[in-house]
Amino acid sequence: PGGSGGEALERFHQVQSAWRCLSDPTRRLLYDLRNFGRSTLGAAGADGSAGPSVVSEHLGSDGEAKLLAMQIEQATRDVENMQVQLQKVLRRERAAKGVIVRKA
């Protein structure tokens, strides 16, 4: 990112976070539901414009159960990704003979 130091870096991280949220269907659905009370995923009106969609239209009558399952699946992926990142950091620190704190 270019720009004026910390301000540009902060904006870069905001955009990166927004992209991460909106590019994942589960996170996008949760974001929409929390902020708008409906989802915008896959909902289009007859004229091709995006129309609001309620959870039941996306997930069926057992929408809450499906949403919970999606959240659990997303959390599992997130934990797996964090484990991969942790292993990378540990390998790097061991190679550099750095200090590794197991519990803080």
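Which residues does Gln74 touch, not counting residues up to four places away in sequence? I'll get to that in point 5; here are my notes on the rest along the way.

1. A reminder before anything else: this is a predicted model. The fold is helical, with four helices and zero strands, and reading along the sequence gives α-α-α-α.

2. On the overall numbers, 17% of the 104 residues count as buried. The protein exposes about 8100 Å², and carbon and sulfur atoms supply 57% of that area. If you take the contacts between residues at least 6 apart in sequence, 25% of them join residues at least 24 apart.

3. At the start of H2, Asp24 puts a side-chain oxygen within 3.0 Å of the backbone nitrogen of Arg27. After the other end of H2 comes Gly37, which has a positive phi, near 75 degrees.

4. Now look at what H2 hides. Its buried residues are Thr26, Leu29, Leu30, Asp32 and Leu33. Viewed down the helix axis, they fall within an arc of 160 degrees, so they line one face of H2. Note that Thr26 and Asp32 are on that buried list along with the leucines.

5. Back to Gln74, which belongs to helix H4, residues 63-95. Leaving out residues up to four places away in sequence, Gln74 touches Asp24, Thr26 and Arg27. Asp24 and Arg27 are also the pair that meets at the start of H2, through the side-chain oxygen and backbone nitrogen mentioned above. Is Gln74 buried or exposed? With a relative accessible area of 8%, Gln74 is under the 20% cut-off, so it counts as buried.

6. The largest nonpolar core has five residues: Leu29, Leu30, Leu33, Leu67 and Met70. H2 and H4 each supply at least two residues of this core, and H2 gives the largest share, with three. As general background, nonpolar side chains tend to be buried together in soluble globular proteins.

7. Apart from its neighbours within four places in sequence, Leu30 is in contact with Leu67 and Gln71.

How values were computed:
Residues are numbered from 1 along each chain as its sequence is written. This is a predicted model: local features need pLDDT of at least 70, side-chain atom pairs count only at pLDDT 80 or more; totals for chains, interfaces and linings use all residues. Side-chain values use heavy atoms; hydrogens and water are left out. Buried means under 20% relative accessible area, exposed over 50%, partly exposed in between (1.4 Å probe, protein chains only). Contact means heavy atoms within 4.5 Å. Accessible areas come from the Shrake-Rupley method with a 1.4 Å probe; for residues, only the protein chains shown count as cover. The arc is that of the directions from the helix axis to the C-beta atoms. A polar contact is a pair of N or O atoms within 3.5 Å; within protein, one must be able to donate a hydrogen and the other to accept it, and residues adjacent in sequence count only if both atoms are side-chain atoms. A nonpolar core is a set of buried Ala, Val, Leu, Ile, Met, Phe, Trp, Tyr and Cys residues joined through side-chain atoms within 4.5 Å.
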